[in-house]
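Hi,

Here is the structure I promised to pass on to you. Have a look at it first, and then read on for what turned up in it.

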Amino acid sequence: MSTPLRLGTRGSALAMAQSGQVADALTAATGRRVELVEVVTAGDRSSAPVHRLGVGVFVSALRDALVAGTIDLAVHSYKDLPTAAAPGLHIAAVPPRQDPRDALIATGGRTLAELPPGATVGTGALRRTAQLHALGLQLEVTPIRGNVDTRLARVLGPDADLDAVVLARAGLARLDRADVITETLDPMLMLPAPAQGALAVECRIDDPDLVELLAVLDHAPSRAAVTAERALLATLEAGCSAPVAAYAELAEGDDGDEIYLRGAVISPDGSRDLRLSRTGTPADAAEIGKALAAELLDLGADSILGQEGHTGPGTQQFGSTG
Ligand SMILES: NCc1[nH]cc(CCC(=O)O)c1CC(=O)O
């Protein structure tokens, strides 16, 4: 009997749920026992807005523990990962991605179209704020933070003070709370964050046996989609709270598989809304993302991202927060 693998995880309900699911899948596929090791990150300790905390707040402590060897693998929400590679570490698997769309949870079972002018909608992500404003519905977008339950309580709890919140469908699904969703938002209205709904299973490069073992969890289409979306984000050199959206879909075409990538850069007030798409083969996922980002930059995406204030060259490598 070999020693159990130590899987490092944040302690939030969502992190525990997705780490537990990866642990179970790994045990089922390999017979190896996996134990969860809770790691407290700076993001868990602070309640400040994520764009003020910056810098992969939910990620650094897990990566430190990997490098230090106190854990063997870590499971991250892929969209929370900085776009810059982590020295000495490797994303050994991207498991099958969950539904990447955003979801509306509104009082009275309402959809976005049923919310009247002035309705209050909570979200912590500039990308969602920007797209909600771009709809032109006079929605009152309110910044919120906290874990999934805290956010839901703003609409469903006894002290509810908002008409609606927008959350990732995947997070709710992993927590078995998809039942509260009143509308799953079409990417036409609300393009998801790069890599939303995907997980990243990370380990040390100098642990080749584990790299090989974890590869059983990898799902090539999910990895291709995430690669295209994150190449777009990285090429835009966008900061951690940048209003950048990207969504790649894979389909079988007549000449083999095809990847269809949509990308958007939206000003926080919704007044500027650049949306483009591009198709290609999954093998060229990274190139497609880069090329689409270049097209967005040609249309002035950099002036939208520059306006935003709290991002800049020093924080370029960080992933989207929502
Ligand atoms: N921004 C925080 C975050 N990071 C990952 C998820 C869950 C969805 C996912 O794994 O992409 C969430 C919650 C949310 O955006 O509603």
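Strands β4 and β10 (residues 199-204) pair in the antiparallel sense, over four bridges. Strands here are DSSP runs of E with at least two residues, helices are DSSP runs of H or I with at least four residues, and both are numbered from the N terminus. Two strands count as paired if DSSP finds at least two bridges between them. In this pair, Ile-91 has Glu-202 of β10 as its bridge partner.

Before you go further, please keep in mind that this is a predicted model, where local features need pLDDT of at least 70, side-chain atom pairs count only at pLDDT 80 or more, and totals for chains, interfaces and linings use all residues. Residues are numbered from 1 along each chain as its sequence is written.

Both β4 and β10 belong to an open sheet of five strands, in the order β2-β1-β3-β10-β4, with mixed pairing. Its edge strands are β2 (34-38) and β4 (89-93), each pairing on one side only. Helix α1 (residues 13-30) packs on this sheet and touches β1 (5-9), β2, β3 (73-77) and β10; touching means that C-beta atoms, placed from the backbone, lie within 7 Å. The direction of α1 makes about 160° with that of β2. Such angles run from 0 to 180 degrees between N-to-C directions, using lines fitted to C-alpha atoms, for helices over the stretch in contact.

There is another open sheet of five strands, ordered β7-β6-β8-β5-β9, and its pairing is mixed too. Here the edge strands are β7 (140-143) and β9 (183-184). Strand β6 (residues 120-123) runs parallel to β8 (residues 164-168), joined by two bridges, and Val-121 stands opposite Ala-164 in β8. Four bridges join β6 to β7, also parallel, with Thr-123 opposite Pro-143.

Ala-164 turns up again in the largest nonpolar core, which has 88 residues: Ala-164, Val-165, Val-201, Ala-228, Leu-236 and Val-265 touch the most other members. Helix α9 (residues 220-235) gives the most to this core, with eight residues. Such a core is a set of buried Ala, Val, Leu, Ile, Met, Phe, Trp, Tyr and Cys residues joined through C-beta atoms within 7 Å. Buried means that 20 or more other C-beta atoms lie within 10 Å of a residue's own (exposed: 12 or fewer; partly exposed: in between), with C-beta atoms placed from the backbone. Of the 322 residues of the protein, 47% count as buried.

Happy exploring!

Key:
Contact = placed C-beta atoms within 7 Å.
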